[in-house]
2 protein chains.
Amino acid sequence: MSHNSGAILVLSGPSGAGKSSLISKIVDHIGPTYFSISTTTRAMRVGEVNGVHYHFVSVEEFKREIEEEMFLEYAVVHGNYYGTSLGPVKKALKEGKLVIFDIDVQGHDAVQNRFGDITTSVFITTPTLGELKHRLHNRLTDSQDVINNRIEMAKREVQRISEYDFLVVNDNFDEAAEILISIAKAARMKIPTLQINEFIQTWETS
Amino acid sequence: MSHNSGAILVLSGPSGAGKSSLISKIVDHIGPTYFSISTTTRAMRVGEVNGVHYHFVSVEEFKREIEEEMFLEYAVVHGNYYGTSLGPVKKALKEGKLVIFDIDVQGHDAVQNRFGDITTSVFITTPTLGELKHRLHNRLTDSQDVINNRIEMAKREVQRISEYDFLVVNDNFDEAAEILISIAKAARMKIPTLQINEFIQTWETS
């Protein structure tokens, strides 16, 4: 039974901790997944593709979707709207997929509130703040202002690691990927409470 | 850091669901483990070895250990005392091992209360009650009274599956073992709250 019900894996942690690279590395080793794509009003960066990295929409469009309750959660970060659409998530769960979220601590809250019984959460970080600063500067994609914002956000988010099921310290990339594969495979085994109640009833009478 | 701190894996579920066989199958694939051996006052069965299957002690000895607070938990089941000694568990955790408990629902409660932050729990069961009865009768090791007791206990324990992190239905042995390996590897990554707080402090200042 456990193989047919979808489940959720939340990945949080500072930009620069290596979440995206880790996801790319593990995605072929953990069975059918759906990677939740956020909707945002922020400007597209060089190399980004609409519908792949984000759904890029106008502020007007975003506000319309808020009114129609199409978001699991949304937030304003660094002056831009970011949101998670509920429709594709429900569809992927129905198909028995592992839905992967790359979201912040607030987003994690929203997922826990709505899907707590089938959610496993992982906080991914660099070994130190110094190492995070080093990586952010080396990326050369962001302005100093953006980097400073990311660092301030990282400092706040790290305070809430204990709200997560697992902490993965990305000091050795291959080791971190290995750990994440185990966690993702286990995450898939979480079963909705409703389905457990059904199982118990069936179990007793057969 | 996560590799040096011990963690706990609790396995519960009816006798006859295949816990022992599954543990034997997975133990070489999940890194350093310590298998918690219970202490009991029940009679040794044919083929059992003192210090391997259980620490077999007299009722007097057991009561002395209760008074000296040497048990994480103890219970009376089918008229016999069963207990879990705390000393070896603490030692194995200090050595960074994954401590595996094969205990009942009450025992799981006690472990959660004491070690909740580093504990992952799995309920293992047969697909149906009928299949459990079938397996228990086929073992030929137990009297009808003992079998009836086990079935009554199974019916009660199954009601509490939702208290566990994972449900593994042992219908296909190899699949169940595969799932349990993933869960055990992930379980090892649970980090004590105290150690997370230390990590946060170190992270910020380095």
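This is a predicted model: local features need pLDDT of at least 70, side-chain atom pairs count only at pLDDT 80 or more; totals for chains, interfaces and linings use all residues.
Residues are numbered from 1 along each chain as its sequence is written, while chains are lettered from A and ligands numbered from 1 in the order in which they are written.

**Exercise 1. Work out which residues of helix H4 of chain A are buried, and what they pack against.**

Step 1: Find the helix. H4(A) covers residues 105-115; helices (H or I, at least four residues) and strands (E, at least two) are DSSP runs, numbered from the N terminus.

Step 2: Pick out the buried residues. A residue is buried if 20 or more other C-beta atoms lie within 10 Å of its own, exposed if 12 or fewer, and partly exposed in between, with C-beta atoms placed from the backbone. That gives you Val105(A), Gly107(A), His108(A), Val111(A) and Phe115(A).

Step 3: Check the side. These residues cover an arc (of the directions from the helix axis to the C-beta atoms) of only 150 degrees, which puts them on the same side of H4(A).

Step 4: Look for partners. Among the elements they pack against are strand E1 (7-12), strand E5 (71-77) and helix H6 (144-158) of chain A.

**Exercise 2. Describe the side of chain B that touches chain A.**

Step 1: Count. In contact means that the C-beta atoms of two residues, placed from the backbone, lie within 7 Å. On that basis, 27 residues of chain B touch 27 residues of chain A.

Step 2: Name the elements. Those giving two or more residues to this side of chain B include helix H5 (129-139), helix H7 (173-187) and helix H8 (193-204).

**Exercise 3. Follow helix H8 of chain B across to chain A.**

Step 1: Size it up. H8(B) has 12 residues and reaches 17 Å from its first C-alpha to its last, close to the 16 Å expected (1.5 Å times one less than the number of residues).

Step 2: Find its two faces. Ile196(B), Phe199(B) and Trp203(B) are buried. They cover an arc of only 55 degrees around the axis, which puts them on the same side of H8(B). Turned away from that side, you'll find the exposed Leu194(B) and Gln201(B).

Step 3: Cross over. The buried residues of H8(B) pack against helix H5 (129-139), H6 and strand E9 (166-169) of chain A.
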